[in-house]
Amino acid sequence: MKIELKKISFSERMSEETNCFVADLYINGKKVGYCKNDGHGGCTDYHCDSKEANAVIKEAEAYCKALLKVKYTDIEWEQSLEGVIDDLLTEYLVAKERKKRVKMYEKGICFGIPNGSSYRTVYWKGRTLAQIDKIHLQSAYDKVKSELKEGEVILNTNIKELGLI
């Protein structure tokens with residue numbers, strides 16, 4: 001069974017205890033309804049568009065319940081359609097952030113604590129790193145590297161491609 005979210009609208013600003021979003025819910029390639037979370041720590045809700053869609057959602061709920069249990073440290077629970085929807089949203093947000101970072105890495109040297117909530121970047125106005133003279137780029141890279149605080153690393157994944165050591 002293929003469960004998908006489309007037309008995702010996510011609000012980081014409105015997300016307090018959970019992710020605030022709304023999205024169209026598709027099952028086996030057909031739109032069956034929508035799902036949402038208000039971002040206040042409550043459950044993710046999903047709603048059907050019709051009686052036919054309701055039957056498809058019921059099948060999806062049974063399918064998800066039959067999936068392997070979710071394990072987190074020493075806690076275990078049954079999977080659910082709500083859980084699958086939340087996992088799909090997380091995958092979407094991670095992919096979006098990854099895409100954003102790849103663009104940042106093309107424009108500057110990014111550094112900070114891995115998986116931290118903030119980072120810093122050295123940019124060259126109007127140019128990408130590939131457009132910077134290698135000698136100046138290496139010098140800037142070495143300077144950033146020498147000034148890293150405890151726990152910080154250079155986050156760029158394109159350092160070798162740029163010819164930096």
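Lysine 145 lies in helix α3, residues 134-146; helices (H or I, at least four residues) and strands (E, at least two) are DSSP runs, numbered from the N terminus. The model is predicted, so local features need pLDDT of at least 70 and side-chain atom pairs count only at pLDDT 80 or more, while totals for chains, interfaces and linings use all residues. Residues are numbered from 1 along each chain as its sequence is written, and side-chain values use heavy atoms, leaving out hydrogens and water.

Lysine 145 counts as partly exposed because its relative accessibility is 46%; buried means under 20% relative accessible area, exposed over 50%, and partly exposed in between (1.4 Å probe, protein chains only). Its C-alpha atom is separated by 8.7 Å from that of phenylalanine 111, 34 residues apart along the chain.

Strand β7 (residues 108-112) runs antiparallel to strand β8 (residues 119-123), and five bridges join them. Two strands pair if DSSP finds at least two bridges between them. Glycine 112 has tyrosine 119 in β8 as its bridge partner. Six residues lie between the strands of this hairpin, where asparagine 115 takes a positive phi near 60 degrees.

The largest nonpolar core has 19 residues, and Ile3, Leu5, Leu25, Ile27, Leu81 and Ile85 have the most contacts inside it. Such a core is a set of buried Ala, Val, Leu, Ile, Met, Phe, Trp, Tyr and Cys residues joined through side-chain atoms within 4.5 Å. At least two residues of this core come from each of β1 (3-11), β2 (20-27), β3 (30-37), α1 (51-65) and α2 (81-107). Helix α2 gives the most, with six residues. Apart from this core lies another, of 13 residues, among them Leu129, Val144, Ile154 and Leu162.
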